[in-house]
Amino acid sequence: MHAAPSFTIGIEEEYMLVEPRTGDLARKVPRSLMPALKKKLGATVSPEFLQSQVEVGTPVCKSVGEACRELAALRAGVAEVAARHDLAIIAASTHPFANPHGQRITRRARYAELAEDLQAVVRRLLIGGMHVHVGIDDDDLRIDLMNQASYILPHLLALSTSSPFWQGMDTGLKSYRLSVWDEMPRTGLPHPFDSFSDFQRHVDVLIDAGMIEDATKIWWDLRPSARYPTLEMRIADLCTTLKDAACVAALFQCWLRMLHRLRLSNLRWRQYSNWLLEENRWRAHRYGIDNALIDFGRGRAVEYAELLGEILALLSDDAEALNCAAEVRHARTILRRGTSAHRQLKIYHHAIKQGRTKEAALATVVNWLRKETLRV
């Protein structure tokens, strides 16, 4: 019998550094920035692949509310230090108009190896995401819940979208980030495994063949963390609005508790092939919350709003038990007023209607992202 999981939670976010005057992505980041960030925020902040990005991670938290308060402090702290270096931050999975060409890679051996290994693919990696860790202490239980949790990943992606633009173009996708990310190897939905040892055997094949050093280079949408006893959800875009981030994290945490609750009653969530789940992943990638996803139990497409209502009803007991009912209910607010992607597009098209140039309209979007990133 497995011990009850801790269901602790931690959230990682990847911000972009922009020039306040132009809104463009920072081309030259002072070497003093990261030491200053480390001095203020300690181990909760770290460099990313590109010098124009910064990653933060909350401590292990007992609730989503606690994690959200930590994130608010981290966003404010990074913004404060960045401002002292004539920079600002935005929380979005793509920059509305920046060009990846000419971006400088952070000086680290790991990043240099990635650049050499992945070539043009990694040079397009001008994206950021949100990763949510939930504590599942037992190795085999972690794998069992991962197998079942793949079902909900497209639904979470749809609710988090923040990357409709790429290099100044309205892509028509709510999460263009996924188009860039999927060019990387070892991405996409996780493969099902019989046990943790089965998972480890597969990882060891790649390690022994010299393809990867360890499991940190497996970049699935959901993975057993190589560093912590957690399941790490990686499919979500980086939510611009802090309450949206808390909502998506809470839904993932509640979904895992619900799956464990089923297990205690000798029940399981039905597993579907990745081939089928990929269809919902694409629809969330393309449309976000604006269109139907497939309800495989009913065998037909169902509008996202109806699916969300069913999810919220299913998770109500879990949300109460995990003290995140308010965060989960916020999903209805996102549905009503749109994700960051919707709001960016609305701001852009409104500026165009007012007679602004395309460049000025995109700069207006960046200004909104700067303000919304720091709104508590």
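What percentage of the 376 residues in the chain is buried? Buried residues, meaning those under 20% relative accessible area with a 1.4 Å probe and protein chains only, make up 58% of the chain.

This is a predicted model, in which local features need pLDDT of at least 70 and side-chain atom pairs count only at pLDDT 80 or more, while totals for chains, interfaces and linings use all residues. Residues are numbered from 1 along each chain as its sequence is written, and side-chain values use heavy atoms, with hydrogens and water left out.

The C-alpha trace spans about 60 × 50 × 35 Å along its principal axes. Among contacts (heavy atoms within 4.5 Å) between residues at least 6 apart in sequence, 77% join residues at least 24 apart.

Aromatic rings of Phe, Tyr and Trp (its six-membered ring) pair if their centres lie within 6.5 Å, and planes under 30 degrees apart count as stacked, over 60 as edge-to-face and the rest as tilted. By this rule there are twelve aromatic pairs in the count. The rings of tryptophan 255 and tryptophan 269 have centres 4.9 Å apart and planes at 70°, so this pair is edge-to-face. Ring pairs also join Tyr151, Trp255, Trp269, Tyr272 and Phe296 into a cluster.

| Residue | Relative accessible area | Class |
|---|---|---|
| Tryptophan 255 | 2% | buried |
| Tryptophan 269 | 22% | partly exposed |

How values were computed. Buried means under 20% relative accessible area, exposed over 50%, partly exposed in between (1.4 Å probe, protein chains only).
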